[in-house]
Amino acid sequence: MKKTTGLCIIIAFIAVCSFSSCKKDYTCTCTYPTSPTPLVTSFEKVTEKSAQTSCDNLATQYGGGTCTLN
């Protein structure tokens with residue numbers, strides 16, 4: 001019985017960890033052919049996937065720039 005309970009707790013912990021996402025601060029730096037200075041945008045407390053999507057959107061929004069996520 002104790003082994004089963006312990007195993008259930010471990011499985012529950014792994015399940016919770018796999019569904020939680022790590023939210024951090026990211027910076028997107030974009031260079032555009034029409035601008036001499038890069039555009040730097042900060043994303044606070046977001047997942048990396050969300051920050052990458054937003055950074056990619058910035059690249060296309062202002063005329064096809066090149067953006068990198070840091």
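I began with the disulfide that joins C28 to C55, where the S to S distance is 2.0 Å; I call a disulfide any pair of cysteine sulfur atoms within 2.5 Å. The torsion about the S-S bond of C28 and C55 is about 70 degrees, so I noted this disulfide as right-handed. C28 sits in strand 1 (residues 24-31) and C55 in helix 2 (residues 48-61), so the pair ties together parts that are 27 residues apart in sequence. For these elements I took DSSP runs, numbered from the N terminus, with helices being H or I of at least four residues and strands being E of at least two.

Before going further I recorded the basis of these entries: the model is predicted, local features need pLDDT of at least 70, side-chain atom pairs count only at pLDDT 80 or more, and totals for chains, interfaces and linings use all residues. Residues are numbered from 1 along each chain as its sequence is written, and side-chain values use heavy atoms, with hydrogens and water left out.

I then looked up the link that joins C30 to C67, again with an S to S distance of 2.0 Å. The angle about its S-S bond is 115 degrees, and the link of C30 and C67 is right-handed. C30 belongs to strand 1 and C67 to strand 3 (residues 66-69), so this pair ties together parts that are 37 residues apart in sequence.

C28 and C55 are both buried. C30 counts as buried at 0% relative accessibility, and C67 is buried with a relative accessible area of 16%. C22, by contrast, is exposed, with a relative accessible area of 57%.

Last, I turned to the whole chain. I found two helices and three strands in the protein, which run α-β-β-α-β from the N terminus on. Buried residues make up 19% of the 70 residues. Among the contacts (heavy atoms within 4.5 Å) with a separation of 6 or more, residues 24 or more positions apart account for 41%. The protein exposes about 5,500 Å², and carbon and sulfur atoms supply 62% of that area; the accessible areas come from the Shrake-Rupley method with a 1.4 Å probe, and for residues only the protein chains shown count as cover.

Notes:
Buried < 20%, exposed > 50% of the residue type's maximum accessible area, 1.4 Å probe, protein only.
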